Amino acid sequence: MNVASVRLFLEVVEAGSLSKVAARRQTVQSHVSRQISEFEAALGGPLFRRTGRGVTLTELGARAVVRLRSWLQETERLTEELRTESGKLLGEVRMGIIPSGAHPLVTRLFERLRSEHPGIRLNITESQGTELDTLLDSGAVDMAVLFRFNRPSGREEKLLSVAHTYLVSAPGDEITREATVNFSRLSGLQLVLPRRPSHWREALDEAARSLGFKLVSVAEADSLTVQKELVARTPGLYSVLGPYSMTAELQSGRLQASKLVKPDLVRHVTLAFPKQGKLSPASRVVAELVQQLVEAWSGQLTEPATEVK
């Protein structure tokens with residue numbers, strides 16, 4: 001049974017005449033009659049009685065009309081759904097991201113996907129840069145948003161943003177009241193720093209050594225939340241953070257920050273891909289949307305209304 005035969009049968013039923021259907025289709029009546037005869041043979045019995053005035057349904061034909069009309073409607077609906085689905089992207093995209101980039105970037109990305117590509121499902125892994133590199137190398141994630149100290153130059157990474165470094169304190173602190181502070185001012189300050197091993201911790205320690213002093217770490221924590229809470233609740237305690245990890249706290253007045261200069265520790269936020277294998281169509285869409293969002297935010301990982309100055 002095929003759709004064309006069922007449509008022809010139902011058309012003859014509605015017209016009540018083989019000749020009328022032939023005229024509509026601009027063909028000869030014998031051609032329509034032969035197709036109907038073949039359809040009747042396939043169903044195992046006559047569907048019409050031929051009369052001088054046209055055709056009428058047999059008992060089998062009457063039963064067939066109800067069931068075939070329902071079958072045709074369901075088939076056409078399913079066909080339309082499949083045609084629609086064929087234009088949609090489906091699949092899971094595994095994405096790794098640094099903690100400070102999780103919001104609002106992932107939040108807005110999820111909203112865009114639900115609106116424009118509901119068939120794409122995100123699988124998010126939040127981790128530090130070293131771990132994300134491992135996940136990329138093993139193929140455990142399809143892409144990752146992470147920090148690099150050097151500007152990316154290969155095809156495997158796209159530059160998203162440039163992030164400066166800030167000395168962070170509780171509100172009212174004298175040192176972080178100014179817009180900038182020299183890195184040398186960290187000498188002797190009590191600091192909450194990331195735990196070793198960490199590329200970021202090594203970079204901070206090296207910057208201090210190059211200026212002739214050693215950073216004083218009174219607490220160590222990988223968690224950005226822990227670092228921020230300790231600093232916010234402890235006057236005279238400081239941390240060294242990027243701009244995207246403390247936007248909400250700066251807006252609410254729970255933290256105060258001053259950009260570190262001399263040296264200005266700049267990190268590059270990149271969208272990195274595995275060196276082996278090709279991106280799936282769904283992954284390409286996600287990568288494009290990530291880049292579009294950051295570009296719309298003037299090269300920041302935060303929306304303009306919440307951008308750290």
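**Core packing, sheet architecture and backbone geometry**

In the predicted model, Val286 touches Val93, Met95, Leu109, Leu113, Ile120, Leu122 and Met143, residues up to four places away in sequence being left out of the count. Val286 belongs to the largest nonpolar core, which comprises 35 residues, and together with Leu105 and Leu109 it touches the most other members of that core. Two or more residues are given to this core by each of the strands β3 (91-97), β4 (120-126), β5 (143-148), β6 (157-163) and β13 (267-272), and likewise by each of the helices α5 (102-116), α6 (129-138) and α10 (281-296). The largest share, eight residues, comes from α10. In soluble globular proteins, nonpolar side chains tend to be buried together.

The five strands named above form an open sheet of mixed pairing, in the order β4-β3-β5-β13-β6. Helix α5 lies across β3, β4 and β5, and runs at about 170° to β4.

Thr270 is situated in strand β13. With a relative accessible area of 0%, Thr270 falls under the 20% limit and is therefore buried. The side chain of Thr270 makes a polar contact with the side chain of Glu157, at 2.7 Å. When neighbours within four places in sequence are set aside, the contacts of Thr270 are Ala144, Val145, Leu146, Arg148, Pro152, Glu157, Lys158 and Leu160.

Strand β9 (residues 190-193) pairs in the parallel sense with β10 (residues 216-220) over four bridges, and in the parallel sense with β11 (residues 237-241) over three bridges. Leu191 stands opposite Ser217 in β10 and opposite Tyr238 in β11, while Val192 has Ala219 as its bridge partner in β10. In a regular strand the side chains alternate between the two faces of the sheet.

Helix α7 (residues 199-210) makes a right-handed β-α-β unit with β9 and β10.

Backbone geometry was examined next. A cis peptide bond, with omega of about 10°, joins His103 and Pro104; Pro104 lies in helix α5. The peptide bond from Lys262 to Pro263 is also cis, with omega near 0°. Both Lys262 and Pro263 are located in the loop between β12 (256-261) and β13. Lys262 additionally has a positive phi, near 50°, in a residue other than glycine. The relative accessibility of Lys262 is 62%, over the 50% limit, and the residue therefore counts as exposed.

A positive phi, of about 60°, is likewise found at Ser298, although this residue is not a glycine. Ser298 lies in the segment after α10 and, at 59% relative accessibility, counts as exposed. Gly299 is placed in the segment after α10 as well, but is partly exposed, with a relative accessible area of 23%. Gly299 touches Leu160, Ser161, Val162, Tyr244 and Val294, residues up to four places away in sequence not being counted. Gly299 and Val162 are 137 residues apart along the chain, and their C-alpha atoms are separated by 7.6 Å.

Definitions and conventions
Residues are numbered from 1 along each chain as its sequence is written. This is a predicted model: local features need pLDDT of at least 70, side-chain atom pairs count only at pLDDT 80 or more; totals for chains, interfaces and linings use all residues. Side-chain values use heavy atoms; hydrogens and water are left out. A nonpolar core is a set of buried Ala, Val, Leu, Ile, Met, Phe, Trp, Tyr and Cys residues joined through side-chain atoms within 4.5 Å. Buried means under 20% relative accessible area, exposed over 50%, partly exposed in between (1.4 Å probe, protein chains only). Contact means heavy atoms within 4.5 Å. Two strands pair if DSSP finds at least two bridges between them. A crossover is right-handed if, with the strands pointing away from the viewer, the path from the first strand over the helix to the second runs clockwise. A polar contact is a pair of N or O atoms within 3.5 Å; within protein, one must be able to donate a hydrogen and the other to accept it, and residues adjacent in sequence count only if both atoms are side-chain atoms. Axes are lines fitted to C-alpha atoms, for helices over the stretch in contact, and angles run from 0 to 180 degrees between N-to-C directions.
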